[in-house]
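Let us read this model feature by feature.

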Amino acid sequence: MEALIFAHRGSSKTHPENTMPAFQAALESGADGIELDVQLTKDHVPVVIHDLTVDRTTDGEGFVMNYTYKDIQSLDAGSWFDSTFEGIRIPSLEEVMKWIKGTHLKLNIELKNGYPRFPELEEKVIALIRQFEMEERVILSSFNHYSLVETKRLAPELETAVLFMEGLYEPWDYAEHIGARALHPYLPVAVPELIQVASSKNMPVRVFTVNGPEQMKQLLKAGCSIFTDDPETAVSIRRNW
Ligand code: G3P
Ligand code: CA
């Protein structure tokens with residue numbers, strides 16, 4: 001299996017997560033792809049932010065879903081991390097797509113569609129993927145597997161991947177059942193048996209979030225892809241083993 005390095009929320013160890021500087025740094029680190037989180041604003045614009053509220057990663061407060069795109073753009077999404085990033089904004093998915101189109105990077109879009117449920121999220125995200133003709137480079141994942149089924153129904157050509165944090169019984173069969181092509185397990189449940197069986201079935205395993213150098217090495221060597229906050233270290237490990 002292809003052992004790829006995805007920058008988790010961009011190069012989020014050194015830059016404010018899910019922002020353009022974090023994605024640019026990921027590109028410069030030599031990562032193969034980036035991972036980001038998507039939700040909808042009040043006026044249904046897909047924006048890139050992890051938490052349900054803007055409290056932790058901006059100077060504002062309240063739920064993302066209660067902000068219009070214009071209002072969310074006025075927030076500072078950089079200063080909380082470091083004052084050198086003052087004035088950095090929450091990007092729209094469209095802005096990221098425009099930028100990534102000109103790179104070689106793969107893009108894992110995590111649909112943050114648990115609670116609250118954004119009924120139009122799949123549709124809006126798929127429209128952007130098609131608009132930028134990024135079908136071959138995008139992976140859509142979610143902890144909400146209903147969202148993955150809906151994505152597959154609307155866009156059978158796209159790759160979906162099952163995100164999970166607990167032990168799933170025979171996850172390769174479950175993934176196939178819901179039309180997903182890959183498994184994205186949480187590090188503690190990415191046990192050797194899972195990796196071995198999935199590999200024998202040619203089902204990619206991409207593990208989150210892997211920040212320890214030894215674990216990076218072990219998983220990459222075992223043919224797993226990883227999501228890491230620190231792609232620079234992962235790339236240098238892969239380059240030097
Ligand atoms: O997609 C992998 C990982 O990002 C899922 O967890 O909470 O970091 O979005 P979280
Ligand atoms: Ca994520």
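**Helix packing, ligand shell and backbone**

Q: Where do the axes of helix H4 and helix H5 come within 10 Å, and at what angle do they cross?
A: Two packed helices are described by the angle between their axes and the distance between the axes. Helix H4 (residues 121-131) and helix H5 (residues 145-154) have axes that come within 10 Å and cross at roughly 45°. That makes H4 oblique to H5. Axes are lines fitted to C-alpha atoms, for helices over the stretch in contact, and angles run from 0 to 180 degrees between N-to-C directions. Under 35 degrees counts as roughly parallel, over 145 as roughly antiparallel, 65 to 115 as roughly perpendicular, the rest as oblique. Helices (H or I, at least four residues) and strands (E, at least two) are DSSP runs, numbered from the N terminus.

Q: Which residues of H4 and H5 make the contact?
A: H4 gives Glu122, Glu123 and Ile126, and H5 gives Ser147, Glu150, Thr151 and Leu154. Contact here requires C-beta atoms, placed from the backbone, within 7 Å. By class, this contact has two nonpolar, two polar and three charged residues. Ala, Val, Leu, Ile, Met, Phe, Trp, Tyr, Cys and Pro count as nonpolar, Asp, Glu, Lys and Arg as charged, and the others, Gly among them, as polar.

Q: What numbering and confidence rules apply to this model?
A: Residues are numbered from 1 along each chain as its sequence is written, while chains are lettered from A and ligands numbered from 1 in the order in which they are written. The model is predicted: local features need pLDDT of at least 70, side-chain atom pairs count only at pLDDT 80 or more, and totals for chains, interfaces and linings use all residues.

Q: At what angle do H8 and H9 cross?
A: The axes of helix H8 (residues 213-221) and helix H9 (residues 231-240) come within 10 Å, crossing at roughly 55°. That makes H8 oblique to H9. Pro213, Met216, Lys217 and Leu220 in H8 meet Thr233, Ala234, Ile237 and Arg238 in H9. This contact divides into five nonpolar, one polar and two charged residues.

Q: Which residues surround ligand 1?
A: The shell is His8, Glu35, Asp37, His50, Glu110, Ser141, Leu163, His184, Phe208, Thr209 and Phe227, each with its C-beta atom, placed from the backbone, within 6 Å. Three are nonpolar, five polar and three charged.

Q: Which residues does the cis peptide bond join, and where is Thr209 found?
A: Most residues other than glycine have a negative phi, and most peptide bonds are trans. Phe208 and Thr209 are joined by a cis bond, with omega about -25°. Thr209 is in the loop between strand S8 (206-207) and H8. His44, not a glycine, has a positive phi of about 65°.

Notes. Contact = placed C-beta atoms within 7 Å.
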